[in-house]
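Visitor: Please take one part of this model and look at it closely. I would like the aromatic rings and their surroundings.

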Amino acid sequence: MHHNTPLISTVVVGLVLAFVLGAIAQRIRISPLVGYLLAGVVMGPFTPGYVADQNIAHELAEIGIILLMFGVGLHFSLKDLLSVRAIAVPGAVVQIAVATLLGIGLGWTLGWPIGGGLVFGLALSVASTVVLLRALQERRLIDTERGRIAVGWLIVEDLAMVLTLVLLPALAGLLKGEGGGEIGAYAMVQPVLVTLGKVAAFVIFMLVVGRRVIPWILHYVAHTGSRELFRLAVFAISLGVAFGAAVLFDVSFALGAFFAGMILSESELSQRAANETLPLRDAFAVLFFVSVGMLVDPAIVLREPLPLLATVVIIIFGKSVAAFAIVRLFGYPTSTALTISASLAQIGEFSFILVSLGVSLALLPERGRDLVLAGAIISIMLNPLCFALLDRMLAKKEESATPEKPAEPAAPRIPLEASKLSNHVVLVGHGRVGSVVSKALRQAQVPILVIEDSPGSVEKLRQEGIEVITGNAAAPDMLQAANVGAARGLLVAIPDAFEGGQIVAKARAISTTLPIIARAHSEEEIAHLKHHGANTVIMGEQEIAKAMIAQIGLAGA
Ligand code: AMP
């Protein structure tokens, strides 16, 4: 029966199997991703039983990528993107170069020609968008500086791969050594220029036309009051722009969707648009993992254990060591470098596209493709482990941190003069939460000192004569500069509980009696903050619930 309905059977069998195996994986305390990937292996052509349509699975996966990138764009502004370019561009370029060289080296030992090694190396150099975003989202890292660098890095990799895909067919003859002499500089440079021109045309088009039209459409639809139409508009915009970008400008779906989201992020409706896309986004992300699993022949583990091991080592260690070194070289703290490394220690969708092209151009032996596919699935499976390791390393660093021996060497700072305030409240973070708190404290004439990372949001406070220290409160000397030792209390009003934990631990090391109140979003975060010395932890979601209950009670009274 399913022969007549390949789309339905692929979607249904994929989701059902992924659900069952994902739930089992969760039950035995491993990442559900592993379950999704195994569902793909079960549905794939290399295992007995039902075989799903690979082309359809692949296209479904592309929709997942579009929706995910659109979602990322929604949280990203052009300013964010430009603010990380100084590290993301050189970082991605050097890291791609290192991984490619390692790949060429491995290809050479396996007896492949240089062109094959090049395709192989490039395929190992580019991380999967879906895997990276899932990992960052799970850890609420997307909105942090580390998260922004990782996403910016990904965009640069994405652009590099778009160029590679265009260039490879043009250079295939040269790489195979056929008629190399006939290919002049023009033939090599021209496709690059054409591609860059198309990307530039797309970006300009989006900034000039898209920026006006897209928010206008969404506002218009929002005012009709139809939720259904609003949802439809969001999907139509994300998928439509991605498809249009690919057809008209030859850029990848992912890049097109990212720009559509970024344009929308300037509109106040962006949060609503993000929420509307969530359920479908999750469903299609699962199908992405299933479609990856389908490509893998599990027998390769027995057939080629050593080359496979070498491939996995390049993906997980080669790339991350390179990334770590570059990020540290740029003066970022170890925690940032480790997060970027863990984020990039995997490969995915672009690698599959690249190796398929390499094989069809007769550059890469089929063995190379199989190694990349198996390497991808293993690296995706191990990625949650990399993050767990990262958490453990960071926790260790944090524990060994004392005020005299700070955990983060961080960027060199001018020593801060300690505040003369005493019996004051130190408030960390002046965003949605902190600004309300500071207003109330000022009205009650309680002396306060604010530590805030982003300078723009505290300019007004400064003008009002409030003492403000700009910078990360977790950085060395910040709490001493705020004179927390003499304060009547510390309020940690930032959303990232991990960073919050660092701040709490440092303050606790300065004063054992200081009352510390911190902000959290989950039970785990509450435990984490309390473990580090917070007296009281307020969970935002619980307070919202309480306020809602109180409101309904009032309304009924
Ligand atoms: P919100 O989630 O809207 O309450 O905003 C949180 C605020 O805390 C933002 O203005 C951030 O710039 C700020 N923030 C986040 N992390 C830190 C940190 N480690 N040190 C100082 N300020 C921070």
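Guide: Phenylalanine 202 is buried, at 2% relative accessible area. Buried means under 20% relative accessible area and exposed over 50%, with partly exposed in between (1.4 Å probe, protein chains only). This is a predicted model: local features need pLDDT of at least 70, side-chain atom pairs count only at pLDDT 80 or more, and totals for chains, interfaces and linings use all residues. Residues are numbered from 1 along each chain as its sequence is written, and side-chain values use heavy atoms, leaving out hydrogens and water.

Now the rings. The structure holds 9 aromatic pairs. Rings of Phe, Tyr and Trp (its six-membered ring) pair if their centres lie within 6.5 Å; planes under 30 degrees apart count as stacked, over 60 as edge-to-face and the rest as tilted. Phenylalanine 202 and phenylalanine 249 have ring centres 5.5 Å apart and planes at 55 degrees, so this pair is tilted. The pair links distant parts of the chain, 47 residues apart: phenylalanine 202 sits in helix H9, phenylalanine 249 in helix H10 (residues 227–249). Helices (H or I, at least four residues) are DSSP runs, numbered from the N terminus. Phenylalanine 249 is buried too, at 16% relative accessibility.

Tryptophan 216 and tyrosine 220 have centres 5.7 Å apart and planes at 15 degrees, so they are stacked. They lie 4 residues apart in helix H9, about one helical turn. Tryptophan 216 is exposed at 57%; tyrosine 220 is exposed at 53%.

Back to phenylalanine 202: Phe202, Phe205, Phe249, Phe258 and Phe259 form one aromatic cluster. Phe259 also touches methionine 206, with contact meaning heavy atoms within 4.5 Å. Methionine 206 belongs to helix H9 (residues 185–224) and is buried at 2%.

Note on methods
Helix = DSSP H or I, 4+ residues; strand = E, 2+ residues; numbered from the N terminus. Lists of a residue's contacts leave out its neighbours within four places in sequence.
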